[in-house]
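Please prepare a briefing on the structure shown below.

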Amino acid sequence: MDAAAYEMMARNEDRHWWWSGRRAILGSILDDLRARGALPPGTLYDLGCGVGSNLAVLGRYGDALGLDGSPLAVEAARALGRDNVRYADLARGLDAIADIPAASGAVVLMADVLEHLDDERPALEVARHLLAPGGIFLATVPAFPMLWGPSDTFNHHRRRYTRDTLGAAVSQVFRVERMSYFNAALFPAVAVARALSRRLNRPGAEEIALPPAPVNAALTRLFRAERHLLARADLPFGVSLLCVARRVD
């Protein structure tokens, strides 16, 4: 991603409704797995962690380590006091993590990472290498090609996913246990906004800027509340897509 994107993430991720809501949903998923005894012991890895805002969530379940292929991201994370972030270029495959013990992970998270990669397979193989047998692979990605907009271009996305395309990629390496769309309540508004953005050629950074405080607070409450729906059922549509999978060998 551009330096401007990492600067924006460092300023906004702790407060922005989107990142805050996604963290609440990820925490809910992990709470459920722990309650069912479905998390093995081990480190929780965040691959492509950016500036590291998800590590506070992962750290509730054990030791957490973030890896990112951008020196700018690592520098920004360290400036925020996140010393458990280190550099690792996932495009290099297993060479990027040669000093990390194999099968040491309880969870590998890739939160909005796969869409940045020309080929998902090397990064998925890194995740498999890190996970202990029975370990959880957890991924989120942007959903539906029809929602492509300037923010996708700004963030250097290669694609947006459907259940079928994400399932096809992940199932090459892991056993998929759950797939659900999320951010469903805002789907109609986002679809309209993305169409207008394409028509008006709005800058991508504008779409992910921090909104005014009252708007941000309302959107945060709305998005975070969706975790209660996801605790009961998979959602048939949404702006994003969630996958829970497992290493079975």
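Asn-183 is located in the loop between β6 and α8, where helices (H or I, at least four residues) and strands (E, at least two) are DSSP runs numbered from the N terminus. The model is a predicted one, in which local features need pLDDT of at least 70 and side-chain atom pairs count only at pLDDT 80 or more, while totals for chains, interfaces and linings use all residues. Residues are numbered from 1 along each chain as its sequence is written, and side-chain values use heavy atoms, with hydrogens and water left out.

**Positive phi angles**

- Asn-183 has a phi near 55°, a positive value in a residue other than glycine.
- Asn-183 is buried, at a relative accessible area of 3%; buried means under 20% relative accessible area, exposed over 50%, and partly exposed in between (1.4 Å probe, protein chains only).
- Asp-112, which is not a glycine either, has a positive phi of about 55°.
- The loop between β4 and α5 holds Asp-112, and this residue is buried with a relative accessible area of 17%.
- Most residues other than glycine have a negative phi.

**Strand β4 and its partners**

- Strand β4 spans residues 105-111 and is mostly covered, with seven of its seven residues buried.
- Strand β1 (residues 43-47) runs parallel to β4 and is joined to it by four bridges; two strands pair if DSSP finds at least two bridges between them.
- Asp-46 has Leu-109 as its bridge partner in β4.
- Strands β4 and β5 also pair in the parallel sense, over six bridges.
- Val-108 has Phe-137 as its bridge partner in β5.

**Aromatic pairs**

- The count comes to eight aromatic pairs, where rings of Phe, Tyr and Trp (its six-membered ring) pair if their centres lie within 6.5 Å, and planes under 30 degrees apart count as stacked, over 60 as edge-to-face and the rest as tilted.
- Trp-17 and Phe-223 form an edge-to-face pair, because their ring centres are 5.8 Å apart and their planes stand at 65°.
- Trp-17 lies in helix α2 (residues 17-35) and Phe-223 in helix α10 (residues 213-230), so this pair ties together parts that are 206 residues apart in sequence.
- Trp-17 is buried at 14% relative accessibility, and Phe-223 is buried at 1%.
- Phe-137 and Phe-174 are stacked, since their ring centres lie 4.8 Å apart and their planes are at 10°.
- Phe-137 is buried at 0% relative accessibility, and Phe-174 is buried at 4%.
- Trp-17, Trp-18, Phe-182 and Phe-223 are linked into a cluster by ring pairs.

**Salt bridges**

- The whole structure contains 15 salt bridges, each defined as a side-chain nitrogen of Lys or Arg within 4 Å of a carboxyl oxygen of Asp or Glu.
- Arg-128 and Asp-249 meet in a salt bridge with an N to O distance of 2.7 Å.
- Arg-128 lies in helix α5 (residues 121-130) and Asp-249 in the segment after β7 (240-246), so the pair ties together parts 121 residues apart in sequence.
- Arg-128 is partly exposed, with a relative accessible area of 23%.
- A network of salt bridges links Arg-128, Arg-247 and Asp-249.
- Asp-152 and Arg-160 form a salt bridge in which the closest N and O atoms are 2.8 Å apart.
- Asp-152 is buried at 0% relative accessibility, and Arg-160 is buried at 7%.
- Arg-36 and Asp-32 are joined by a salt bridge of 3.0 Å, N to O.
- Arg-36 is exposed at 52% relative accessible area, whereas Asp-32 is partly exposed at 38%.

**Cysteines**

- The structure holds zero disulfides, a disulfide being a pair of cysteine sulfur atoms within 2.5 Å.
- Cys-49 is buried, with a relative accessible area of 6%, and Cys-243 is buried at 0%.

**Nonpolar surface patch**

- Val-192, Leu-196 and Leu-200 form a nonpolar patch on the surface, with about 300 Å² of accessible area together.
- Patches are made of residues with over 30% relative accessible area and no salt bridge, with like charges joined within 9 Å and nonpolar side chains (Val, Leu, Ile, Met, Phe, Trp, Tyr) within 5 Å.
- Accessible areas come from the Shrake-Rupley method with a 1.4 Å probe, and for residues only the protein chains shown count as cover.
- Val-192 is found in helix α8, which covers residues 187-200.
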